[in-house]
Amino acid sequence: MDRIQQMQVFVQVVESGNFTRAAAALGLPRSTVSATVQALEDRLGVQLLQRTTRVVRPTQEGLHFAETARDLVDALAQAEGQFRHRPGQISGRLRVDMPSRMARRMVIPHLHEFRALYPAVTLDISATDRMVDLVSEGVDAVVRMADLEDSELICRKLGDVPILTCAGAGYVARHGIPARPEELCRHVLVNYALRMPAAAAEWDGQENGRAISVPMQSYLCVDNAESYVAGALHGHGLIQVPARDVAEDIAAGRLLEVLADFRPAPVPISVLYARRRHLAPRLKVFMDWLEELLRREGFVAPQARGERHGS
């Protein structure tokens, strides 16, 4: 391999966290990846990686070299791309993590549209609701609904998501409909947590333009969106979810919106990706497509596009 290819392999190993994941991302045998890094270290006369049986970590010298190598690799890709970044020529593997319900109900059903525009891009979509370490897990970007700040990442906001409170028809038949936040003391909430054990259950809303929170009872806590909605459908309590996400269940009468006059403030949805001098074209076009899809499907309200750095 030439020097640029060696740097590409080394950068991928650093970002993936081990040789096996790096090899899979590059489409190369693991032995080739290991030998390439060893050849790079021999050429430079310095150890770049600390190796264990399960993970590799860059040495101090490796960290410094990775930053320089990443900039050179990205700069080369951008320089070459100015001549071939027409839609049909954007290529490569893109690894994106997003909420499970969004992947299943929105992105994957419309993915043929993206494939028609960018047939040379291969997508790896992991559908989780947990926190993901982009570097160690070899993920290019994550899609999350929250106010997210991280100085090591770039945050591109895709829009604001309207949130509502709803309950299953069976729950309402047994417990009635709360008319005001003060009545929530007689109701239960399905709790949601990215990490267990969960914090105390709270309902969030707005009254006269002011944010309010009401502590609630809960006997069920879940850690993903599919289980959360299922909890409401089967009568285990109130939930607070994106309006578009449960539109079909509400239209069919399986779920009912409650406390409509006290809806919480919309929640931002964003894509987070590693801080880079040059943005990979395949990631840019995917973010553009995803933003347009969420807007077209009514998942987010209109807003001006833009990127901002975490602080």
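## Basis of the model

The structure is a predicted model, in which local features need pLDDT of at least 70 and side-chain atom pairs count only at pLDDT 80 or more, while totals for chains, interfaces and linings use all residues. Residues are numbered from 1 along each chain as its sequence is written, and side-chain values use heavy atoms, with hydrogens and water left out.

## An open sheet and its helix

In the order β12-β7-β13, 3 strands form an open sheet with antiparallel pairing; strands (E, at least two residues) and helices (H or I, at least four) are DSSP runs numbered from the N terminus, and two strands pair if DSSP finds at least two bridges between them. The edge strands, each pairing on one side only, are β12 (239–242) and β13 (255–258). Strand β7 (residues 163–168) is joined to β13 by 4 bridges, and Val-258 in β13 is the bridge partner of Thr-165.

Helix α8 (residues 225–233) lies across β7, β12 and β13 and runs at about 125° to β12, where axes are lines fitted to C-alpha atoms, for helices over the stretch in contact (heavy atoms within 4.5 Å), and angles run from 0 to 180 degrees between N-to-C directions.

## Two nonpolar cores

A nonpolar core is a set of buried Ala, Val, Leu, Ile, Met, Phe, Trp, Tyr and Cys residues joined through side-chain atoms within 4.5 Å, buried meaning under 20% relative accessible area (1.4 Å probe, protein chains only). The largest has 32 residues, and Phe-114 and Phe-286 are among those with the most contacts inside it; its largest share, 8 residues, comes from α10. Apart from this core lies another, of 19 residues, including Met-7 and Val-37.

Conventions:
Buried means under 20% relative accessible area, exposed over 50%, partly exposed in between (1.4 Å probe, protein chains only).
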